[in-house]
Amino acid sequence: MKSAAELEALWQKEEEEKRKLEEEKKKQEEEMRLQEELLRKKKEAEEAQIQEELRTIQDYIQEVKERLDQKNYLRGKNLNAAENRPDETFFSKLDSNLRRNTAFVRKLRNLTESLKDSLTKDIQSLNLSKYIGEAAAALTEAKLKMSDINCAVLICSLLHQRYADFSSCLMENWQKYLLCKKEERIANLSKYRVDLRFFAELVSVGLFSEKEGLHVLANQLSILVNSDKEEHNNLSIISSFCKHCGDDYVGIVPRKYRILAEKHNLEIERSNMLPPERQKACRNLLKEYYATLCKHLKKLHKDLKTIEQQNRKILQTKGELSNERKENYETAIVNYQKLQQNTYTLADLLDEEIPDLPEEELKQDSEGAMFDIFNPIKNAEFHYEGDTSLFEDEDTRTFYESLPDLRSLIPGILYKESEHASSKDETKEDVTALEEDIETLKIEDIDPEIEFEQKELPVETLVKDKDDNKERLKDDDIEEELDMIHQPDIEEEGDTGHLMKAQFDTFLQSLPNCVNRELIDKNAVDFCMSFNTKTNRKKLVRALFTVHRTRYDLLPFYSRLVATLYPCMPDVANDLVHLLKGDFRWHIRKKDQINIESKLKTVRFIGELVKFKMFPKTETLFCLKNLLVDFTHHNIEMACALLETCGRYLYRQMDSHHRTKVYLDVVMRKKAALHLDSRYITMIENAYYYSNPPEVPQMVKKVRPPMHEYIRKLLYKDLSKVTTEKVLRQMRKLDWDNPEVAFYATKCLTAVWNIRYNSIHCAANLLAGLAPYHELVAIQVVDGILEDIRIGMEINHPKYNQRRVSAIKYLGELYNYRMVESSVIFKVLYSFISFGISLEDNVPSALDLPDHLFRIRLVCVLLDTCGQYFDKGSSKKKLDYFLVYFQRYYWFKKKLPLWTEDHPFPVDVDNLVRDTIEAVRPKLKLLESEEDAYKAVDDLEKEIKAKIAEVLPIIDTFDEMETNGLEECGFSTIIESDEELSQNLSQVNNDETLIESETSQDDPSQSRTGSQVNDGEDYANSVHSEEDEEEDLLESAGEDETEDQVTVLTGGPKHIKCTEDEDFLSAFDKMMADNLQARSQESLKVPQLDIAVPMHLRGQVRKQFTFPQNNIEYNDTIKFVLMTKKGNKQQYTNLNVPISTEFAAKFKERERAERAEKEQMKQVVLGIHERQEEEDYQEMLAALNRPAPVNTNRERRVRYQHPKGAPDADLIFGSN
């Protein structure tokens, strides 16, 4: 009897066996299902391939049939043209106009397919008998495209069918452009390629006789072939001729279409223009050319293999190649691939076999000195003698080494094209020795080598300069390649269709979810089965390369996908390796301290590909060497990440063990020698001992409500010059009554640094559009910008520089859109050169250090934005005063002792200041020294104080306040003239008016005299005139214009006589007298009405016009002149028409209405003129009594602003 435990164990064993049997059965069923699915997909792919082939050959047969029918039709017409040409009487009825015939010839010189109908119509309607030679010359000179040949052949046929001498003229012109001698070179290969096909098509449609046309064509082909049997520069011309005219002259159908036609039992219609025996000569000539082409290709292939062998030998001895050798090798590859592609194309067109290119085996050096790393006896000191396992555990080894065999899972037809897509394996390294002389490599040698590379630039300047130029070109190529990664391929969708494109997009989106071996293997099979096209392979490479920088977990699976696809489509691995190399070189040469996650992603991707043997170990070690040359900051992290990814694999491989060991020792020695941060020390130790890398937390994207995201999209993405109105409408539709929405929208409008710099003016325009509807928003935005500018000056950190520039630009644009006053702009300008400023060399300011020049840039940005509007009125004076103080600040900064010959003052700042001042004041003479700047400031202050001292007794108060207050405070702000008058001198309005009048007299645009000369037109041209700003300020402050007027009338301005006024009045009176005298001598021109007045009656008409009322008002008749014509002579008869007649009454009524209208218009214009002068005068007086400036957007109303300045009524309507 068995015990209960034994029975339980037996029962468990039976259950386990049953479970295993069930699992095996399920596994077999799953395998059968997968095989059936693969067979079904294989069958569907084969059927789709057959349908695609059938459709291709049917389209080709239809195209050939239509082309031959068209040629036969034209050939019949042209051959019978001599019998059907019209006679001379027919041409006499056609249009012989010179202009139209010339235009026709001009059209021929610019012939395109779109002009076909127009040219055909012109040929039918024009008589071109005298222009046949010009037409023939124009056709041969025209720069045609291949798509225009059919249209050109049709036009030539129509001309030949109508004009007998057209073909002879055309032949004469062709002989000028075609080749005549064997040594003659082709000036323009593209034009000659099109011209050769054009001439051949003309011969085939019978435009020329066979004897004449075929002789010239045969001569051209002979010259092209016999003169190009070595370089094969004419290969593109020969291929084009065979492609378009091969059926007519060679009698050969391209091999691809011939095979498809035989496979599907279809017949391709052949051309019968030439008999087969005549086609044989041309065919033999082209086959001879193809034989020389094959020899050339084999020679290039042999040379390329030789270069590869030499490079491999150099790599084995030195470890790296020179830039010149790399460039020569890349050039050789490009030339070889180009010639190979053209050879395959010509072989298909001529139905010839593709030449076999032998793969030569590697030969050892004759002396047998090459290092053999696979011999375990020789050089044992370089071999790794420890745990030979390359991976941590069995599962990891299986992941990297056990890959599915796609060749046995999918039909060969699905990867036949992609298998040969890459003619050369550029990434798979040969199983050879490591590319350096390992015998002589020691730890003591690697440090001097790295140090020598660091000092190589100053030692070998000439050589390095040349290399730097090459490196820059490579960097540019790398950046272009990296930019092209993110650009979608421009491909026709006819190959796969919209459905296939959508399925492939879904496939790419599923890649980030492939986080295990089964899913990634399944995706590899699906890609090869369903999406294996050239376009999709490029998209796949782009998707793999642009993996998110923090998704390090995907890199092993993406590498496994590339390795799995490599046997069937090696171009995927080659392209990805090429992109990773370029990205790594770009990051190394940039030497910046940003994008660390992208750098780590690149080196980790390289490390994963190394373990799958997709990335050469030699290239990986070379990357590690480059990182060790400058072992600081990000290079430390990149080197550690590379070692943590593939360090153990490289260290335990026999061919890379010694070099990896040396580099690891160098890393540890550098750790001990350099003073590194503790974080870097920990990373280096982890990399050396091969620990797992620290987890990098994934960046968490800030989650915002949908409304906030929409507002940010409108302002930060959609806003541009063309979408401003649309964005304004959308912003107005927001729920501004909701405090949260209003606050966030205001915040986004204030954060202008998030907007593209060239769209900042659009943001100001948008705010100006919102201001009439939401005044509080505009006020808050302006206050926020001013506050941000102030905080920027207080913090003064370089990381906020771009933000400060955007805020200043925004403020200037707000002034341009009338959102702030000029006083705000000048306050900001003065704050830049006064807030926290110390003009003493030995007392530096913490807010404006001596080497900080950013405030100068901010001033220039603000002046560049809105400085051009400060050209009239008091704003002009304010800007002139500011530029004096600004130049003093600039020269103070420039003359600081820290600027030396070794560390000069920045030239860009100097040029920026000069360009800015020249833009706002082109005629201003810049100050040339610091002494001149200080002297100019002193002179300016003395001038202003002198003017104020003449009328005010409190000038000593100003001096006392300046000496005791402003000079002691390091945070002083220069008080502007308007603020001084408004804050301290408000009780003496009359004296202030006097000062303002003196300032205005210095400005020609503000000067007035007793004659009341008006400069209104100048004011109308200025969008930001000071008068408009003063009106807006009165409105926004809630002031009553009536009260201002009363105040002004009670305290009228005082007029003080001076000699300058008398000189001005005398000069003005003299100018007016001269002008009146000159105008009095001018003849009065009578406006022309219906007809011209006869010459002998003009004097009488002038008299009648001078006193028209005497002839009309006090006479019973009106005098008219009746003009008649007898023969070629005009006769005039005086005619007195009574006023009572209807004709005379209507004439009198019309004249009276015109006179009344002129008088009314004159009164209106004069009224506007007088009212404008009164407003200007009142605004000038009101400005003196204005209180401290307030926010201009407060209580802003949308009102009509009539244009300033009115036209001179006397100048328009006359003085009468």
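Contact here means that heavy atoms lie within 4.5 Å. Helices (H or I, at least four residues) and strands (E, at least two) are DSSP runs, numbered from the N terminus. The model is a predicted one: local features need pLDDT of at least 70 and side-chain atom pairs count only at pLDDT 80 or more, while totals for chains, interfaces and linings use all residues. Residues are numbered from 1 along each chain as its sequence is written, and side-chain values use heavy atoms, with hydrogens and water left out.

On the α9 side, Leu189, Tyr192, Arg193, Leu196, Arg197, Ala200, Glu201, Val203 and Ser204 meet residues of α11, namely Ser236, Ile237, Ser240, Phe241, His244, Cys245, Asp248 and Tyr249. The residues of this contact comprise nine nonpolar, four polar and four charged; Ala, Val, Leu, Ile, Met, Phe, Trp, Tyr, Cys and Pro count as nonpolar, Asp, Glu, Lys and Arg as charged, and the others, Gly among them, as polar. Helix α9 spans residues 189-204 and helix α11 residues 235-249; they pack at an angle of about 10°, and their axes are 9 Å apart. The axes are lines fitted to C-alpha atoms over the stretch in contact, and angles run from 0 to 180 degrees between N-to-C directions. The two helices α9 and α11 are therefore roughly parallel to each other, a term for angles under 35 degrees.

In the protein chain as a whole there are 52 helices and two strands. Of its 1216 residues, 42% are buried, where buried means under 20% relative accessible area, exposed over 50%, and partly exposed in between (1.4 Å probe, protein chains only).

Helix α6 (residues 132-141) is mostly covered, with seven of its ten residues buried. These are Ile132, Ala135, Ala136, Ala137, Ala138, Leu139 and Thr140. Their cover includes α4 (98-109), α7 (149-162), α8 (166-177) and also α9.

Helix α38 (residues 854-866) has 13 residues and reaches 19 Å from its first C-alpha to its last, close to the 18 Å expected at 1.5 Å a residue; the expected span is 1.5 Å times one less than the number of residues. Eleven of the 13 residues of α38 are buried, including Phe854, Arg855 and Ile856. Among the elements that cover the buried residues of α38 are α35 (775-795) and α39 (873-894).

Finally, Asp932 lies in helix α41 (residues 930-951). Asp932 is partly exposed, with a relative accessible area of 36%.

Methods. Parallel < 35°, antiparallel > 145°, perpendicular 65-115°, else oblique.
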